[in-house]
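Trainee: I would like to go through the packing in this structure step by step. Please show it first.

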Amino acid sequence: MEAPERNLALDLVRVTEAAALASGRWLGRGNKDAGDKAAVDAMRLSFNALDIKGHVVIGEGEKDEAPMLFNGEKLGTGQGPAVDVAVDPVEGTNLLAFGRPNAISVVGVAPAGTMYDPGPSFYMQKLVVPAEAKDVVHLDAPVKENLTRIAKALDKDVDDLVVFVLDKPRHKQLIQEIREAGARIELHTDGDVAGSLMAIDPRSKVDVMMGTGGTPEGVLSACAIRAMGGEILARLDPRSKKEEHALIDAGRDLREILTVKTLVRTDDVYFAATGISGGTFLAGVRYTGHGATTHSLVMRGKTGSIRYVEARHAFDKLMQFSSVKYD
């Protein structure tokens, strides 16, 4: 038996709350870089108050040259445990900029050396399912076969299932096969971390996430998937010859099927996400004139603890000492 340890996830939710509160001011204002920068600045300030020796393995911004917490950046006070850090201050910058649902702020942390480093990979093929279906799917199985097995594992019919798919030209054939199998589809323009979370969250109507999305987002999602006991099957899926050649030069096997245990090699993982724009997954930031309300999902993998946190923030008190400008 062990005495209760400090739950780092409860510190991380303050980080995602800060990013959401700062970036939420940019909802629908058409400037994704400004919203992203506000979240990055707030997240960095909040992280550097934590007693950790953090190393950013999954950073943000390298693919599209946005403001970022960059790969290799050191976070925290330098005291406490050495940890790998995965961040996306605004997952869904376009969603935030154009006032669309499901923009979220996301952080995952695990002991140093346990997170998969995607190197020069930007994209991966993914299949995400909840715990009940983790042993019945295969990345190379036909779509209809996977959906039939998932439905049986969830004690549903195939036409009960809802599949999250990014609405991209590359998914035209996938969407057709899902429809032919008889399942229903939620199409989203952006946000495959949110899609992965929906697929494993028992409160969500989404049952599975399929398709090609960001590799960094896949590793970040794996932190939550491991904590919730679900599964992600993935394969690096370069979308250009430049990316393909970079992966080959880096010695990556483009045929390898990655799993949740490949992407995060420990159960001792922490995860937090806070809603920014609101939507079907997490409610967004609601400003009241004197403060704000946020909604977050917080997980600790070692104990399996999952918390849904509603927090009320009083700006008159908070702004007396906070370096982050929320109002």
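Trainee: Which residues does Ala-9 touch, not counting residues up to four places away in sequence?

Mentor: Bear in mind that this is a predicted model. Ala-9 is found in helix α1, residues 9-23. Leaving out residues up to four places away in sequence, Ala-9 touches Tyr-270, Phe-271, Ala-272, Val-298 and Met-299.

Trainee: Is Ala-9 buried or exposed?

Mentor: The cut-off for buried is under 20% relative accessible area. Ala-9 has a relative accessible area of 0%, so Ala-9 counts as buried.

Trainee: How many residues does the separate, second core that includes Ala-9 have?

Mentor: Start with the largest nonpolar core, which has 44 residues; Ile-104, Leu-197, Ile-232, Leu-263, Phe-271 and Met-299 have the most contacts inside it. The largest share of this core, eight residues, comes from α7. The second core is separate and includes Ala-9, Val-13, Val-109 and Leu-318; its size is 35 residues.

Trainee: Which residues of α6 and α7 make the contact between these helices?

Mentor: Helix α6 (residues 192-200) and helix α7 (residues 215-228) pack with their axes 9 Å apart. On the α6 side the contact is made by Asp-192, Val-193, Ser-196, Leu-197 and Ile-200. On the α7 side the residues are Glu-217, Leu-220, Ser-221, Ala-224, Ile-225 and Met-228.

Trainee: Is α6 roughly parallel or roughly antiparallel to α7?

Mentor: The angle between α6 and α7 is about 15 degrees. Angles under 35 degrees count as roughly parallel. Therefore α6 is, relative to α7, roughly parallel.

Trainee: What is the class make-up of the contact of α6 with α7?

Mentor: The crossing of α6 and α7 is right-handed. Sorted by class, their contact has two charged, two polar and seven nonpolar residues.

Trainee: Which residues of α4 and α5 make the contact between that pair?

Mentor: Helix α4 (residues 143-153) and helix α5 (residues 172-181) pack at an angle of about 50 degrees, and their axes are 9 Å apart. That angle makes α4 oblique to α5. From α4 the contact takes Val-143, Lys-144 and Leu-147. From α5 it takes Leu-174, Glu-177, Ile-178 and Ala-181.

Trainee: How many nonpolar residues are in the contact of α4 with α5?

Mentor: α4 passes α5 in a right-handed crossing. By class, this contact has two charged residues and no polar ones, and its nonpolar residues number five.

Methods:
Residues numbered from 1 in each chain as written. Predicted model: local features only at pLDDT ≥ 70, side-chain atom pairs only at ≥ 80, totals over all residues. Heavy atoms only, no water. Axes fitted to C-alpha atoms, helices over the stretch in contact; angles between N-to-C directions. Helix = DSSP H or I, 4+ residues; strand = E, 2+ residues; numbered from the N terminus. Parallel < 35°, antiparallel > 145°, perpendicular 65-115°, else oblique. Left-handed = near helix turned anticlockwise from the far one by under 90°. Contact = heavy atoms within 4.5 Å. Nonpolar A, V, L, I, M, F, W, Y, C, P; charged D, E, K, R; others polar. Core = buried A, V, L, I, M, F, W, Y, C linked by side-chain atoms within 4.5 Å. Buried < 20%, exposed > 50% of the residue type's maximum accessible area, 1.4 Å probe, protein only.
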